[in-house]
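Student: Could you walk me through this structure before I start reading it in detail?
Tutor: Gladly; let us look at it together.

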Amino acid sequence: MSAERYELVFSEGPDMSEDVVVVTATGQAGPGGHPVYADATGIVRAEISDQEEVRVLASGGGQDPARVVRVRPLPDPQP
């Protein structure tokens, strides 16, 4: 079962700084058939499998995703 929200952790390697982006389910499926998640701007988009494998999806030209991306599930927000 997939979470509703995740943190995507971007870094260039184990000893490098990290950038963290929160993404939320979009209701769409990616090329692999898994749910697509996006940040609030819609610029960062990723397909995340139920095994928490991440595929960053291009949302525009000229994007160069980080080499290392990890994912952390977040608890669903309480109503």
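**Contacts, core and an aromatic pair**

Tutor: Of the contacts in the protein chain with a separation of 6 or more, 36% are between residues 24 or more positions apart. Please keep in mind that this is a predicted model.

Student: How many helices and strands are there in the protein chain?
Tutor: The protein chain has 0 helices and 6 strands, so that from the N terminus on its elements read β-β-β-β-β-β, given that helices and strands are DSSP runs numbered from that end.

Student: And where is confidence lowest and highest?
Tutor: The lowest mean, 83, belongs to strand β6 (residues 68-74), whereas the highest, 96, belongs to β3. Over the protein chain the average pLDDT is 86, and 90% of the residues score at least 70.

Student: Which residues make up the largest nonpolar core?
Tutor: That core has 11 residues in all, namely Ala3, Tyr6, Leu8, Phe10, Val21, Val23, Tyr37, Val44, Ala46, Ile48 and Val71. At least two of its residues come from each of β1, β2 (18-29) and β4 (45-48), and β1 gives the largest share, 3 residues.

Student: What does valine 44 touch?
Tutor: Not counting residues up to four places away in sequence, valine 44 touches Leu8, Phe10, Val21, Val23, Tyr37, Ala38 and Asp39.

Student: Now the rings: how many aromatic pairs does a search of the whole structure find?
Tutor: The search finds 1 aromatic pair. The ring centres of tyrosine 6 and tyrosine 37 are 5.1 Å apart and the planes stand at 85°, so the pair is edge-to-face, the angle being over the 60 degrees that this class requires.

Student: Which strands do the two tyrosines lie in?
Tutor: Tyrosine 6 lies in strand β1 (residues 5-11) and tyrosine 37 in strand β3 (residues 35-38), so the pair ties together parts that are 31 residues apart in sequence.

Student: Is that pair's tyrosine 6 buried or exposed, and what about tyrosine 37?
Tutor: Tyrosine 6 counts as buried because its relative accessibility is 2%, and tyrosine 37 is buried as well, with a relative accessible area of 1%.

Student: Changing topic, is glutamate 47 buried or exposed?
Tutor: Glutamate 47, which lies in strand β4, counts as buried at 2% relative accessibility.

Student: What does its side chain reach, then?
Tutor: The side chain of glutamate 47 reaches the backbone nitrogen of histidine 34 at 2.9 Å. Leaving aside neighbours within four places in sequence, the contacts of glutamate 47 include Gly30, Pro35, Val36, Glu53, Arg55 and Leu57.

Student: What about proline 35 from that list? Where does it lie?
Tutor: Proline 35 lies in strand β3 and is partly exposed, with a relative accessible area of 29%. Besides Glu47, proline 35 touches Ser2, Gln28, Ala46 and Ile48, again not counting residues up to four places away in sequence. Proline 35 and alanine 25 are 10 residues apart in sequence, and their C-alpha atoms are 6.8 Å apart in space.

Student: And glutamate 7, buried or exposed?
Tutor: Glutamate 7, placed in strand β1, is buried because its relative accessible area of 19% falls under the 20% cut-off. Among the residues that glutamate 7 touches are Val20, Val21, Val22, Arg70 and Arg72.

How values were computed:
Residues are numbered from 1 along each chain as its sequence is written. This is a predicted model: local features need pLDDT of at least 70, side-chain atom pairs count only at pLDDT 80 or more; totals for chains, interfaces and linings use all residues. Side-chain values use heavy atoms; hydrogens and water are left out. Rings of Phe, Tyr and Trp (its six-membered ring) pair if their centres lie within 6.5 Å; planes under 30 degrees apart count as stacked, over 60 as edge-to-face and the rest as tilted. Helices (H or I, at least four residues) and strands (E, at least two) are DSSP runs, numbered from the N terminus. Buried means under 20% relative accessible area, exposed over 50%, partly exposed in between (1.4 Å probe, protein chains only). pLDDT is the predictor's confidence in each residue, from 0 to 100. A nonpolar core is a set of buried Ala, Val, Leu, Ile, Met, Phe, Trp, Tyr and Cys residues joined through side-chain atoms within 4.5 Å. Contact means heavy atoms within 4.5 Å. A polar contact is a pair of N or O atoms within 3.5 Å; within protein, one must be able to donate a hydrogen and the other to accept it, and residues adjacent in sequence count only if both atoms are side-chain atoms.
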